[in-house]
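Which charged side chains pair up here, and where do they sit?

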Amino acid sequence: MNVSVNGAELFYSTRGNGPACLVLSGIGTKPYEAMTPPQLSDRFRLVYVDPRGSGRSTGEASDLTFDVLAEDLEAIRADLGAERVAVLGHSVMSALAIEYGRRCPESVSHVITAGAPPGGDMAKLAAKASAFFEADASEERKQILRENMARLPPNPTQGQVMFAQTPMRYFDARFDAVPLYAEAVVRPEFLQHVFGSLTQGWDITVGSGSLRVPIFLAHGRYDYTVPYVLWDGIPAQLPNATLEIFERSGHQPFFEEPDRFVGALTDWMATHSW
């Protein structure tokens, strides 16, 4: 499906039945269609969205601000005929989900995040993540990472580096994630914009009083890219946030522990509405 919004054609696909949940992707919808568990589409009508400038959507990535994003997602919500939607963001896309909820609390029932950073300073995040990995990871996990990194070719692609970092990203340090991303649509200018100017100065605690929508913060115990310890003390500063740790997951608990993720999310949504 495509929706015309302010000079862009925004692409989205749907799966499942129930209340609409927008799933934000920065690498095309196919990887998240593959990673989100079937159990989730039994609970929701999942709406996989390519923000402007990414995936199969048109428009300039550099035009994307949090306000433009909110307008774009509101247009998709209207096209769906949904009075309210939940929104799910993974990794840095969690910041976009949170900011949509902040700007449109009358339209967003719940914000669901997985592996979310609490801020957009990626250099600071990477330093803390590296320190946590060195202090917490097993020697076997560290050795697998060293071997993976040593096998990288000169001038590796971003994708090759990501797959080499599997011991930091998955509970199973030897997991083969390559098939999950086979149909990814990577547009470097979009990722550069999101990781750069869009989120660089973002901090969830700034203006936290305006975050009225309930927020579910799912984190894997073995996520060494955005470790759960980054959130120490932060949920208590937010009006309505719940941190849930998944003990057999890395950066993608919805994929690694699908039954537990859906169960925990369903229970949370039953007790957190507004």
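Start with Arg52 and Asp72. They form a salt bridge, with the closest N and O atoms 2.7 Å apart. The term means a side-chain nitrogen of Lys or Arg within 4 Å of a carboxyl oxygen of Asp or Glu. Arg52 sits in the loop between β4 (45–50) and α3 (66–80), while Asp72 belongs to helix α3, so their contact ties together parts that are 20 residues apart in sequence. Helices (H or I, at least four residues) and strands (E, at least two) are DSSP runs, numbered from the N terminus. Arg52 is buried, at 4% relative accessible area. Asp72 is buried too, at 2%. Buried means under 20% relative accessible area, exposed over 50%, and partly exposed in between (1.4 Å probe, protein chains only).

A word on the basis of these values. The model is predicted: local features need pLDDT of at least 70, side-chain atom pairs count only at pLDDT 80 or more, and totals for chains, interfaces and linings use all residues. Residues are numbered from 1 along each chain as its sequence is written, and side-chain values use heavy atoms, leaving out hydrogens and water.

Now turn to Asp136 and Arg221. Their side chains meet in a salt bridge at 3.0 Å, N to O. This pair links distant parts of the chain, 85 residues apart. Asp136 is in helix α5 (residues 122–136), and Arg221 is in the loop between β7 (215–220) and β8 (241–246). Asp136 is partly exposed, with 27% relative accessibility. Arg221 is buried, at 18%.

Glu139 and Lys142 both lie in helix α6 (residues 139–150). They are three residues apart, about one turn of the helix. Their salt bridge has its closest N and O atoms 3.6 Å apart. Glu139 is exposed, with a relative accessible area of 54%, whereas Lys142 is buried at 9%.

Salt bridges can also share partners. How many salt bridges does the structure hold? The count is twelve.

That leaves the cysteines. A disulfide is a pair of cysteine sulfur atoms within 2.5 Å. The count of disulfides is zero. Cys21 is in no disulfide, and its nearest cysteine sulfur, that of Cys104, is 15 Å away. Cys21 is buried, at 1% relative accessibility. Cys104 is likewise in no disulfide, with the sulfur of Cys21 as its nearest. Cys104 is buried as well, with a relative accessible area of 8%.
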